[in-house]
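The structure is shown below, and the description follows it.

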Amino acid sequence: MSLQSFIEKAISPWMQEDGPDHDIVLSTRIRLARNFTDVPFPIMADEDSLKIVSNWIQDHFNQKTFAEGKKLEYISMRDLQALEKRALVEKHLISPYLIEREKESGVLLTNDEQVSVMINEEDHIRLQLYFPGLQLERGLEEAFKFDDWLEEKIDYAFDEKRGYLTSCPTNVGTGLRASVMMHLPALTLTQKMNKMVPAINQLGLVVRGLYGEGSEAVGNIYQISNQVTLGRSESDIIDDLHGVVNQMIERERYARKLLVEQSELRLEDRIYRSYGTLKYSRIIESKEAAKCLSDLRLGIDVGYLTHLSKSILNELMVLTQPAFLQQYAQQSLTAKQRDIKRAAIIRERLGLEE
């Protein structure tokens with residue numbers, strides 16, 4: 001398989017589009033946590049109870065069409081190989097926790113991979129919608145439509161005082177987690193992020209790495225999301241998150257402007273060194289690749305690298321992850337072999353641009 005055809009198959013269609021503020025915001029995710037009212041929640045349920053949920057989902061939603069281009073397919077975790085599961089995690093379509101549960105767990109995916117509904121994860125239903133760029137309001141609107149469509153057939157666990165009931169108390173209320181994936185190289189290089197993170201946390205938001213809770217901000221990519229779901233409306237949560245993200249966008253753009261004006265030669269040298277590393281390396285570890293790819297994307301955004309497309313960071317963020325490296329190689333690889341394959345894929349991807 002050629003790399004070009006592999007990219008077309010591996011990258012979700014929505015990831016190939018540009019959204020608002022796409023120079024800094026890579027993606028927006030809206031997630032809603034829901035549970036069946038008369039079935040024990042997954043953290044307490046036995047296999048028979050979980051099977052009730054998975055069977056119900058398959059009977060009522062598998063191969064059904066929600067909207068134009070939104071046909072759903074149910075995929076059971078039991079039917080997937082380990083590498084296939086990891087690939088879904090690397091594309092953010094499922095969580096690592098869903099893999100660990102495995103028994104009677106699965107995911108409903110639309111054919112464009114913009115909607116992912118995890119079944120029997122921490123909750124019976126974890127509905128996720130993805131959008132390119134900063135699209136929180138649109139994301140919430142579309143999530144409500146999909147949630148209403150599900151609720152036509154599902155009696156949700158809901159309390160008039162507390163709202164939607166969930167396995168974890170931090171999700172009780174709206175059950176909403178809204179998150180924005182941001183590329184913030186200038187704020188990181190100028191060490192402003194170290195000061196901003198505590199301030200953001202005090203506002204009821206949380207800053208995490210590429211793969212959410214417990215992950216680090218590799219490649220200067222950060223997830224900013226809400227923490228509080230109880231006692232606040234969905235629109236209030238979205239407004240607060242949008243306000244903070246807009247401030248971060250402004251500060252990142254200003255930091256980039258200062259870097260170009262005050263450290264132009266150093267910045268240009270850093271970007272071209274990273275470009276040379278990616279273009280000529282025969283072996284590269286994931287952290288070094290992520291750092292160099294971040295520099296490359298910054299170089300594209302500030303106009304130093306005019307012959308490369310902005311989609312390169314989105315694509316190689318996925319393609320250079322362990323599971324995708326092995327899928328492309330069509331074999332299991334050791335850590336060293338993955339580092340060799342990672343370098344080869346990056347060189348080949350850059351070659352497609354040229």
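Predicted model: local features only at pLDDT ≥ 70, side-chain atom pairs only at ≥ 80, totals over all residues.

Which residue stands opposite S116 in β4? The residue opposite S116 is L109. Strand β3 (residues 106-110) and strand β4 (residues 115-119) are joined by four bridges in the antiparallel sense.

**The sheet**

Strands β3 and β4 belong to an open sheet of eight strands, with the order β2-β3-β4-β5-β1-β8-β10-β9 and antiparallel pairing. Its edges are formed by β2 (72-76) and β9 (205-208), each of which pairs on one side only. On average, neighbouring strands of this sheet are turned by 20° against each other, direction ignored.

**Helices lying across strands**

Two helices lie across strands of the sheet. Helix α5 (residues 136-151) lies across β1 (25-34), β2, β4, β5 (125-132) and β8 (176-183), and runs at about 145° to β5. Helix α7 (residues 193-202) lies across β9 and β10 (221-226), and its direction is at about 145° to β9.

**Helix pairs**

Two packed helices are described by the angle between their axes and the distance between the axes. The table gives these values for two pairs.

| Helix pair | Distance between axes | Crossing angle |
|---|---|---|
| α9 (residues 264-280) and α10 (residues 286-301) | within 8 Å | roughly 125° |
| α3 (residues 82-90) and α12 (residues 322-329) | within 8 Å | roughly 130° |

With the axes of α3 and α12 crossing at roughly 130°, α3 is oblique to α12. The crossing of α3 and α12 is left-handed. On the α3 side, the contact involves L83, E84, R86, A87 and E90, which meet P322, A323, F324, Q326 and Q327 in α12. By class, this contact of α3 with α12 has five nonpolar, two polar and three charged residues.

For the other pair, the axes cross at roughly 125°, and α9 and α10 are therefore oblique to each other. The crossing of α9 and α10 is left-handed. From α9, the residues L267, R270, I271, S274, Y275, T277 and L278 take part in the contact; their partners in α10 are E288, A289, K291, C292, L293, D295, L296, L298 and G299. Sorted by class, the contact of α9 with α10 has nine nonpolar, three polar and four charged residues.

How values were computed:
Residues numbered from 1 in each chain as written. Heavy atoms only, no water. Axes fitted to C-alpha atoms, helices over the stretch in contact; angles between N-to-C directions. Parallel < 35°, antiparallel > 145°, perpendicular 65-115°, else oblique. Left-handed = near helix turned anticlockwise from the far one by under 90°. Contact = heavy atoms within 4.5 Å. Nonpolar A, V, L, I, M, F, W, Y, C, P; charged D, E, K, R; others polar. Pairing = 2+ DSSP bridges.
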